[in-house]
Amino acid sequence: MKEWICIDSNNEEVYLLPDNRTLYIRPEAIKKMFKYKQVRWTDTEAGGILIGRILEEDNNIIIDDVSEPMSTDKRSRIRFSRKPDGHQEYMNEAYEREKGCCFYLGEWHTHPQRMPVPSSIDRKDWKRLLKLGFESGCLLFVIVGIDELKVWYGYGEAATVVELKRRVRN
């Protein structure tokens, strides 16, 4: 029997990274992304950027905030194309507000699936972004489905992308 995991947007989500670090997604970021779940047939894909911190003491990663869809983004039922306009300004504002203590950590978007699966277009875009190189040395990719949020971690010169496992709560 398959176990369904439904996310409570009031709780922080915790994932294990391949290098034994931990990823935390703050409830505020989850709540923002969940506003755009595609639960009706008329809902279009949405997305934005992931903003957060890498802790000095243990290199764990925290996603504190996300940008929301902008009017310049291209949205349809099964496609989201993020344009830089608006998202870069949002990142700049976060950087100022946090006094330089935040980073671009990756991308998020929705899928009209109960349990999201990245499309071939998603994987191609992720590899393209990874080859650009970022100060964190890795990027995170979140897809919000109807019942579940999933996270992928991309790293290295080969632009390797792996799905992360949620840490089980005790």
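What pattern does the chain follow, read along the sequence? The pattern is β-β-α-β-β-β-β-α-β-α-β-β-β-β. The radius of gyration of the chain, taken over C-alpha atoms, is 15 Å, close to the 15 Å that the globule rule gives for 170 residues, so the chain is as compact as a globular protein of that length. The globule rule is 2.2 Å times the number of residues to the power 0.38.

The model is predicted: local features need pLDDT of at least 70, side-chain atom pairs count only at pLDDT 80 or more, and totals for chains, interfaces and linings use all residues. Residues are numbered from 1 along each chain as its sequence is written, and side-chain values use heavy atoms, with hydrogens and water left out.

The secondary structure comes to 3 helices and 11 strands. Helices (H or I, at least four residues) and strands (E, at least two) are DSSP runs, numbered from the N terminus. Along the principal axes, the C-alpha atoms fill a box of roughly 45 × 40 × 35 Å. Of the 170 residues, 46% count as buried. Buried means under 20% relative accessible area, exposed means over 50%, and partly exposed lies in between (1.4 Å probe, protein chains only). The accessible surface of the chain comes to about 9700 Å². Carbon and sulfur atoms account for 50% of that surface. These areas come from the Shrake-Rupley method with a 1.4 Å probe; for residues, only the protein chains shown count as cover.

Contacts (heavy atoms within 4.5 Å) were examined along the chain. Among those between residues at least 6 apart in sequence, 64% join residues at least 24 apart. The chain carries 28 positive and 28 negative charges, and their mean positions are 6 Å apart. Lys and Arg count as positive and Asp and Glu as negative, while His and the chain ends are not counted. Each charge is placed at NZ of Lys, CZ of Arg, CG of Asp or CD of Glu.

Helix 1 spans residues 27–34. In this helix, 6 of the 8 residues are buried, so helix 1 is largely enclosed by the rest of the structure. The buried residues are Pro 27, Ala 29, Ile 30, Lys 32, Met 33 and Phe 34. Ile 25 is found in strand 2 and has a relative accessible area of 0%. Leaving aside neighbours within four places in sequence, Ile 25 is in contact with Glu 12, Glu 13, Tyr 15, Ile 30, Met 33, Ile 63, Leu 149 and Val 151. Ile 25 and Glu 107 are 82 residues apart along the chain, and their C-alpha atoms are separated by 13 Å.

Val 66 lies in strand 4 (residues 61–66). Its relative accessible area is also 0%, and Val 66 is buried. With neighbours within four places again set aside, Val 66 contacts Ala 29, Lys 32, Met 33, Ile 49, Leu 50, Tyr 90 and Trp 108.

Helix 2 covers residues 87–97, and His 87, Met 91 and Ala 94 are buried in it. Seen down the axis, these buried residues fall within an arc of 60°, so they line one face of the helix. The arc is that of the directions from the helix axis to the C-beta atoms. The buried residues of helix 2 pack against strand 3 (47–54) and strand 7 (103–110).

Met 70 is in the loop between strand 4 and strand 5 (74–76). At 23% relative accessibility, Met 70 counts as partly exposed. Not counting residues up to four places away in sequence, Met 70 touches Asp 85, Gly 86, His 87 and Tyr 90. Met 70 and His 87 are 17 residues apart in sequence and 7.3 Å apart in space, C-alpha to C-alpha.

Most residues other than glycine have a negative phi. Lys 99 follows helix 2 and lies in the loop between helix 2 and strand 7. Its phi is about 55°, although Lys 99 is not a glycine. Lys 99 is exposed, at 73% relative accessibility. Asn 20 has a positive phi of about 70°. Asn 20 lies in the loop between strand 1 (13–16) and strand 2 (22–25), and counts as exposed at 75% relative accessibility.
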